[in-house]
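Colleague: Hi, could you walk me through this model? I'd like to go through the sheets, the helices and the charged pairs.

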Amino acid sequence: MALELRHLRSLLAIAEHGSFTRAAEALHLSQPALSQQIGQLERTVGAQLLDRSGRTVRPTDAGAVFLRHARTALTELDAATRAVLDVQDLSHGSLRLAHTPTFGTYLIGPLVQRFRARWPGVTLDVREMTQDAVETQLLADELDLGLAFRGDQLPGITGETLFVERLGIVVGTGHPLAGRTDPVDMRDLRPYELALFTGGFTTRAQIDEHLAGHGIHPPHALETNSLTALIDVVRRTTLVTVLPDRVTREHPELCTVPLAPALPARTAVLLRRAAAYESTAARAFGRLVREHCGAP
């Protein structure tokens with residue numbers, strides 16, 4: 001019996017859920033039908049792929065090897081299917097885009113507005129996540145493009161330069177530092193409590209590295225994974241945060257305070273999976289974002 005795609009997808013579902021029952025529900029199959037598919041698959045490959053002896057169903061050693069190759073095959077097949085269905089005139093199509101949080105304040109809205117005005121038939125799937133997640137999902141072919149920052153990108157990820165972004169100390173308009181035009185010495189930040197992104201965000205890592213490099217460890221009163229919450233808290237309290245200058249320009253209730261030495265600038269990039277098929281929609285978005293950001 002030849003391998004069938006439905007058998008591979010069924011095996012992946014069981015490995016993901018650790019249960020025939022939950023996998024059957026996710027696949028909208030009866031449990032006997034799912035068990036029959038796995039039995040057929042195991043007979044075809046000549047090995048037991050799943051250990052059913054425990055409370056949780058787990059891949060056997062042979063199953064783990066087979067799953068690794070099955071995931072790769074299905075990823076390539078999905079890419080091939082999108083390539084065949086790709087419509088060159090962009091009257092139809094789809095684009096899966098992810099971005100790190102700060103871009104959601106000033107960049108994603110204008111880009112989506114311009115993209116929709118030109119190609120209203122293309123469906124956009126836009127997600128916000130950490131940079132590590134963006135790169136991981138690009139490699140897994142779960143995304144077409146990512147907006148993030150230049151750094152030590154994962155192998156297989158390429159970054160196209162878009163623009164340089166500058167970080168600054170930000171406070172609410174009622175803060176004692178609001179309106180200050182002469183730079184604040186970094187040591188003078190010690191009395192102030194910070195509100196920052198949680199660990200794992202690129203912005204947070206850059207802030208921690210810069211402060212620690214100058215021996216500054218101000219107390220953290222708040223950590224959040226929400227940029228909206230961070231902005232709202234800072235404008236209502238005396239907490240201090242660090243944000244890109246492009247973000248604060250969009251929020252008149254925030255004030256940027258010059259810092260000495262200044263926080264290092266960072267380079268915004270458009271991320272892709274190297275050597276991957278790029279759809280017409282992805283190529284169109286790449287041209288649009290370069291045009292919008294003034295990139296060459």
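Modeller: Happy to! One term before the sheets: two strands pair if DSSP finds at least two bridges between them. Strands (E, at least two residues) and helices (H or I, at least four) are DSSP runs, numbered from the N terminus. This is a predicted model, where local features need pLDDT of at least 70 and side-chain atom pairs count only at pLDDT 80 or more, while totals for chains, interfaces and linings use all residues. Residues are numbered from 1 along each chain as its sequence is written, and side-chain values use heavy atoms, with hydrogens and water left out.

Colleague: Great. In what order do the 3 strands of the open sheet come?

Modeller: The order is 11-7-12, and the pairing is antiparallel. Strand 11 (241-244) and strand 12 (254-257) are the edges, each pairing on one side only. On average, neighbouring strands of this sheet are turned by 50° against each other, direction ignored. Axes here are lines fitted to C-alpha atoms, for helices over the stretch in contact, and angles run from 0 to 180 degrees between N-to-C directions.

Colleague: How many bridges join strand 7 to strand 11?

Modeller: There are 4, between strand 7 (residues 167-172) and strand 11, and the two run antiparallel. Have a look at I169, which stands opposite V242 of strand 11.

Colleague: And which strands does helix 9 lie across?

Modeller: Helix 9 (residues 227-236) lies across strand 7, strand 11 and strand 12. Its direction is at about 125° to strand 11. Contact means heavy atoms within 4.5 Å.

Colleague: Let's switch to strand 5. Is it enclosed or open?

Modeller: Strand 5 is largely enclosed by the rest of the structure, because 5 of its 5 residues are buried. Buried means under 20% relative accessible area, exposed over 50%, and partly exposed in between (1.4 Å probe, protein chains only). L145, L147 and F149 point one way from the strand, while G146 and A148 point the other way.

Colleague: What are the pairings of strand 5 with strand 3 and strand 14?

Modeller: Strand 3 is joined to strand 5 by 3 bridges and runs parallel with it. Strand 14 is joined to strand 5 by 4 bridges, this time antiparallel.

Colleague: Now helix 11. What span should it have at 1.5 Å a residue?

Modeller: The 14 residues of helix 11 should span 20 Å, and the end C-alpha atoms are 20 Å apart, which agrees. The expected span is 1.5 Å times one less than the number of residues. Just after the helix, G294 takes a positive phi of about 75°.

Colleague: Which residues of helix 11 are buried, and what covers them?

Modeller: Buried residues include T280, A281, A284, F285, L288 and V289. The cover includes strand 3 (94-99), helix 6, strand 5 (145-149), strand 6 (157-165) and strand 14 (266-273).

Colleague: On to charges. How many salt bridges does the structure hold?

Modeller: It holds 20 salt bridges. A salt bridge is a side-chain nitrogen of Lys or Arg within 4 Å of a carboxyl oxygen of Asp or Glu. One of them pairs R118 with E291 at 2.6 Å, N to O. That pair links distant parts of the chain, with R118 in helix 6 (residues 108-118) and E291 in helix 11 (residues 280-293), 173 residues apart.

Colleague: Are those two buried or partly exposed?

Modeller: R118 is partly exposed, with a relative accessible area of 39%. E291 is also partly exposed, at 44%.

Colleague: What about R204 and D208, where do they lie?

Modeller: Both lie in helix 8 (residues 202-213), 4 residues apart, which is about one turn of the helix. An α-helix has 3.6 residues a turn, so residues three or four places apart point the same way. The salt bridge between R204 and D208 comes in at 2.8 Å, N to O. R204 is buried at 8% relative accessibility, whereas D208 is partly exposed at 31%.

Colleague: Which residues are joined into one network by shared partners?

Modeller: Those are R96, D141, D144 and R273, joined by salt bridges that share partners.
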